Amino acid sequence: MMSVLLSIFIFLIPLLILYKKSGRSSKNLPPGSLGIPVIGQSLALLRALRANTAEEWIEQRIRKYGPISKLSLFGNPTVFIYGQAANKFVFTSDGNSLSNQQNKSLRTILGEGNLLELSGPDHKRVRGALMSFLKPESLKNYVDKMNEEVKLHIEKHWDNKQEVKVLPLMKTLTFNIISSLLFGVERGGRRDKLVKWFEEMLEGMWSIPINLPFTSFHRSLGASKRVQNMVKQLIEEKRRGLVENGADSHQDLITCLLSICDEQNRQVMSEEEIVNNVTLVMTAGHDTSSVLLTFMMQLLANQPTIYASVLQEQEEIARGKQEGESLTWKDLGRMKFTWRVALETLRMHPPIFGGFRKAVKDIEYDGYLIPKGWQVFWVTSMTHNDEKVFAEPFKFDPSRFENQAAIPPYCFVPFGGGPRICPGYEFAKIETLVTIHYLVTRFTWELCADNRFSRCPMPVPTGGLPIKIKPRKLI
């Protein structure tokens, strides 16, 4: 016990020194308190996330301090900002004022070469490489493969079942899609190991970064190391496939990234950057898409009129297909109402609660000083739930997105905004539309539990959202 306490004390000494330095007094600092050194308000926020009261927790801060305040989160002094202007400030600032730095736990687990950490030319270079695979023109070629994965998933996990849990199944589906389409890892022992380690890695993404054996951060670091080692093995295999077998450079994301070279025929991304960004894409694509699909299923069960409209749209598409014929890119373009339902789901239940940046220099914002080295924290739902932007914000209304141009910029930000918009946006759209098509045309369902959920930090419905399902007659 004494050795553990000593280890904690040794760990805290440099943080306490940094904390004291960063907590400089200034009349221009935003209102608020940094709280207990190192811990700050981290535990309070995590408790609020798990209790599904995080929005209320943030709103209490706003009522007490206004639209900008200081606090301490995950070991760093932090300034919280919110609103349309705050979102624009976060998503459009260049690397000379705000660096794209996440909290320490997430940064350490994913690796510092991931896109969330990069700014300026490095961000442009890596984002460009990722977009060469994730842009719509490229993704058109993977609709058939997406169809295949969704059909196999339904046959294995949904057919001949009377009750299922939606969230675990959606996580299984999105992981299989990512493994197959992005990494070229087919079903088997390696994929099973990868998903186990990956889920362990996710548990410590938002945690106090104390690397001791009993902490979730420590466990996630170990899992992250195992995931990254497997990705390195995949990189070596893909590299051999390119050199020895002339493999298709766009057969999967890793092969694509290895193939991209500059004018001097030098590989655009280093191996470390490929590892870090493959891990990032895995994380973003797995959790955010599975959460979106789960809440769509929940909301459709609660909204019979909306469900009927989605079903009508999807049945019209299904009637134009031969038995066993896959969806096409053109079919996806016809699913306009279904995608508006997805966007409204993202507005009400954004998978990403918020994010962080780091002040590269002293910044004046809204009349206050954001000191160099401090975190900037923003929260997605604060504009999503603003009645000045979205009338009756707690009413489910997909018609809000009939004219997206009418929504003020930087107010609807589930995928980020500006040059920071998520590069996987189109991939998530295809994945969602293909999955919903097969589910609504093959099944009807009703909820077995209430509509409560918590965040850890993604929103998680009660019990994984168990539902009773019945097969529909195939058209």
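Threonine 279 lies in helix α13. In this predicted model, threonine 279 has a relative accessible area of 0% and is therefore buried. Apart from neighbours within four places in sequence, threonine 279 is in contact with Leu110, Met201, Val227 and Gln228.

Helix α13 spans residues 271-302 and lies across strands β9 and β12, running at about 85 degrees to β9. A further helix, α18 (residues 425-442), packs on the sheet and touches β9 and β12. The direction of α18 makes about 90 degrees with that of β9.

**The three-stranded sheet**

The sheet that contains β9 and β12 is open, has 3 strands in the order β4-β12-β9, and is paired in the antiparallel sense. Strands β4 (163-165) and β9 (443-447) each have a single partner strand and stand at the edges, so one side of each is left without a neighbour in the sheet. From one strand to the next, the twist averages 35 degrees.

Strand β12 comprises residues 466-471 and is joined to β4 by 3 bridges. Between β9 and β12 there are 5 bridges, and these two strands also run antiparallel. Glutamate 163 has lysine 468 of β12 as its bridge partner, and lysine 165 has proline 466 of β12. Glutamate 446 likewise stands opposite lysine 468 in β12.

Strand β2 (residues 76-81) is mostly covered, with 6 of its 6 residues buried. In a regular strand the side chains alternate between the two faces of the sheet. In β2, Asn76, Thr78 and Phe80 point one way, whereas Pro77, Val79 and Ile81 point the other way, and all are buried.

Strand β1 (residues 68-73) runs antiparallel to β2 and is joined to β2 by 6 bridges. The hairpin of β1 and β2 has 2 residues between the strands, and phenylalanine 74 in this hairpin takes a positive phi near 55 degrees. Strand β8 (residues 375-379) pairs with β2 in the parallel sense over 3 bridges.

| Strand pair | Sense | Bridges |
|---|---|---|
| β4 and β12 | antiparallel | 3 bridges |
| β9 and β12 | antiparallel | 5 bridges |
| β1 and β2 | antiparallel | 6 bridges |
| β2 and β8 | parallel | 3 bridges |

**The contact of helices α10 and α11**

Helix α10 (residues 189-202) and helix α11 (residues 216-245) have axes that come within 7 Å and cross at roughly 140 degrees. Their crossing is left-handed. On the α10 side, the contact is made by Arg190, Lys193, Leu194, Trp197, Phe198, Glu200 and Met201. On the α11 side, the contributing residues are Ser220, Ala223, Ser224, Arg226, Val227, Met230, Gln233, Leu234 and Glu237. By class, this contact has 8 nonpolar, 3 polar and 5 charged residues. Two of the residues named in this contact, Met201 of α10 and Val227 of α11, also touch threonine 279.

In soluble globular proteins, nonpolar side chains tend to be buried together. The largest nonpolar core here has 113 residues, of which Trp158, Phe183, Trp206, Met297 and Phe377 touch the most other members. Helix α13 supplies the largest share of this core, with 12 residues. Apart from this core lies another, of 19 residues, among them Leu29, Val90, Tyr365 and Tyr410.

**Two further helix positions**

Asparagine 176 lies in helix α9 (residues 166-182). With a relative accessibility of 14%, asparagine 176 falls under the 20% limit and therefore counts as buried. Asparagine 176 touches Glu149, Arg187 and Arg191, when residues up to four places away in sequence are not counted.

Lysine 104 belongs to helix α5 (residues 104-110). Is lysine 104 buried, exposed or partly exposed? At 32% relative accessibility, lysine 104 counts as partly exposed. Lysine 104 and leucine 134 are 30 residues apart in sequence, and their C-alpha atoms are 28 Å apart in space.

Conventions: Residues are numbered from 1 along each chain as its sequence is written. This is a predicted model: local features need pLDDT of at least 70, side-chain atom pairs count only at pLDDT 80 or more; totals for chains, interfaces and linings use all residues. Side-chain values use heavy atoms; hydrogens and water are left out. Two strands pair if DSSP finds at least two bridges between them. Helices (H or I, at least four residues) and strands (E, at least two) are DSSP runs, numbered from the N terminus. Axes are lines fitted to C-alpha atoms, for helices over the stretch in contact, and angles run from 0 to 180 degrees between N-to-C directions. Contact means heavy atoms within 4.5 Å. Buried means under 20% relative accessible area, exposed over 50%, partly exposed in between (1.4 Å probe, protein chains only). A crossing is left-handed if the near helix is turned anticlockwise from the far one by less than a right angle, and right-handed if clockwise. Ala, Val, Leu, Ile, Met, Phe, Trp, Tyr, Cys and Pro count as nonpolar, Asp, Glu, Lys and Arg as charged, and the others, Gly among them, as polar. A nonpolar core is a set of buried Ala, Val, Leu, Ile, Met, Phe, Trp, Tyr and Cys residues joined through side-chain atoms within 4.5 Å.
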